[in-house]
Structure formats: structure tokens, C-alpha cells
Amino acid sequence: IYSFVTNLQMAANPQIIKAYGTNEKNRFEQLVFIISKYSYLLMLLFTVPLCLNMEYVLQLWLVDVPDYTVSFAILILIFSLTDTLSGPLWICVQANGNVKNFSIIYSIILLFNVPVTYFLYSLGYAPEWMLYARIFINIVGVVWELFYVCHLVGLNLNMYINQVVVPIVII
């Protein structure tokens, strides 16, 4: 499912880069907003039915479903759902060409998964908490990425919130 959504995003990448390179700010922003919103909604279209029927789907596929498999599969789908917003923002960074600083900071944010997971396991939390932490850290990373991209390429934060975040939250 995630590969299907990323292929949709990859099809739009050249247009986003071209619009940024030719200084077509309105087209650039609209492409980023549209791809972000529709990628998320497309992923949501597949994720919700799967999450609601995950136990049944896994029983069909595996017959004997191991412990934690249902919750792991649902949490991985939720993680992928949050990660779909990152793709178009990453293309904005690539279009600008300032990839080094972005990659270093974003990688540091994502590396927080290791100590947080270790901390949760040392306190005796269930294995699913690793994925809860990963989802939370990924959301923090996407929020940071959004602010960074707005600063780097001049993406309008208010428009992004109104055209992407608000419809996503409503749905």
C-alpha cells in the first residue's frame, strides 16, 4: 500500500521540482498541497478497512496468527499513514538543493527511536510501545520537516495547514 502511494508521489516529483526551479510559487505550493493531501487520503482509504479487519485478514493469510501480529500490523499501517506527509516535503528540500542540513537533523530526530525504545523496554512496556514511540517520533519529525521546509523554500504554513492538515483531521 505504501509503495503504491510513494509511486503516486514520485510521479509528481518532477512537476514539483520544475515549478520550484522556474519560480512558479503558486503552482509549486498547490502541487505540494495536493500531493500531500491526496497521498494521505489514498493511504487512509486502504488503511482504515485493513485496520478494522486486520485479525480476519491475518487469519486468512497466516492461519495461526502469532501474538502481537495484529497490533504490529495496525501500528505499522498508522506509521505509514503519518509518513506519507513526509514525501512531498522531502521533494521540496531536494528542489532547493540544501539536503545536507536537513538530512542530518531529520536523522537525529529519527534516531531518538533507539533510546526511547530501550527506555520503554527497560520499564517493562509491551512490544507495541516501540511502534507507538516510532509513530510519535515520526509525527514530531514531520512537524519539524514542515517548519524547516516553510523556512527553506518559503512554503506558506497557514495554507498548508488549511489545505492539507485541516481536511485530514476532519476526515
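Buried means under 20% relative accessible area, exposed over 50%, and partly exposed in between, with a 1.4 Å probe and protein chains only. By that definition, buried residues make up 37% of the 171 residues in the protein chain.

This is a predicted model: local features need pLDDT of at least 70, side-chain atom pairs count only at pLDDT 80 or more, and totals for chains, interfaces and linings use all residues. Residues are numbered from 1 along each chain as its sequence is written, and side-chain values use heavy atoms, with hydrogens and water left out.

**Overall fold**

The protein chain has nine helices and zero strands. Helices (H or I, at least four residues) and strands (E, at least two) are DSSP runs, numbered from the N terminus. The C-alpha trace spans about 55 × 35 × 25 Å along its principal axes. Contact means heavy atoms within 4.5 Å. Of the contacts with a separation of 6 or more, 74% join residues 24 or more positions apart.

**Helix H4**

H4 covers residues 69–83, 15 residues in total. From its first C-alpha to its last it reaches 21 Å, close to the 21 Å expected at 1.5 Å a residue. The expected span is 1.5 Å times one less than the number of residues. Buried residues of H4 include Thr69, Ala73, Leu75, Leu77 and Phe79. The run from Ser80 through Leu81 and Thr82 to Asp83 is buried too. Their cover includes H1 (2–21), H2 (25–52), H3 (54–62), H5 (86–96), H6 (99–111) and H8 (128–153).

**Core and pocket**

A nonpolar core is a set of buried Ala, Val, Leu, Ile, Met, Phe, Trp, Tyr and Cys residues joined through side-chain atoms within 4.5 Å. The largest one holds 33 residues; Phe28, Val32, Leu85, Val149, Val153, Leu155 and Tyr160 touch the most other members. H1, H2, H3, H4, H5, H6, H8 and H9 (157–170) each supply at least two residues of this core. In soluble globular proteins, nonpolar side chains tend to be buried together.

Tyr160 is in contact with Phe33, Ser36, Leu85, Leu89, Leu146, Leu155 and Val165, leaving aside neighbours within four places in sequence. Tyr160 also lines the largest pocket, along with Tyr40, Thr82, Leu85, Ile139, Val142, Val143, Leu146, Val165, Ile168 and Val169. On a 1 Å grid over the protein atoms alone, a pocket is an open set of points where a 1.4 Å probe fits, with protein on both sides within 12 Å along at least five of seven lines; lining residues have an atom within 4 Å of a point. About 250 Å³ of space lies in this pocket. H8 and H9 each supply at least two lining residues. The lining divides into 10 nonpolar, one polar and no charged residues.

**Single residues**

Most residues other than glycine have a negative phi.

| Residue | Phi | Relative accessibility |
|---|---|---|
| Val63 | near 65 degrees | 66%, exposed |
| Tyr68 | near 70 degrees | 40%, partly exposed |

Val63 is found in the loop between H3 and H4, and Tyr68 lies in that loop as well.

Glu29 is found in H2. Glu29 counts as buried because its relative accessibility is 4%. Not counting residues up to four places away in sequence, Glu29 touches Gly154, Leu155, Asn156 and Met159.

Note on methods:
Points joined across faces, edges and corners; volume = space filled by probe spheres on them. Nonpolar A, V, L, I, M, F, W, Y, C, P; charged D, E, K, R; others polar.
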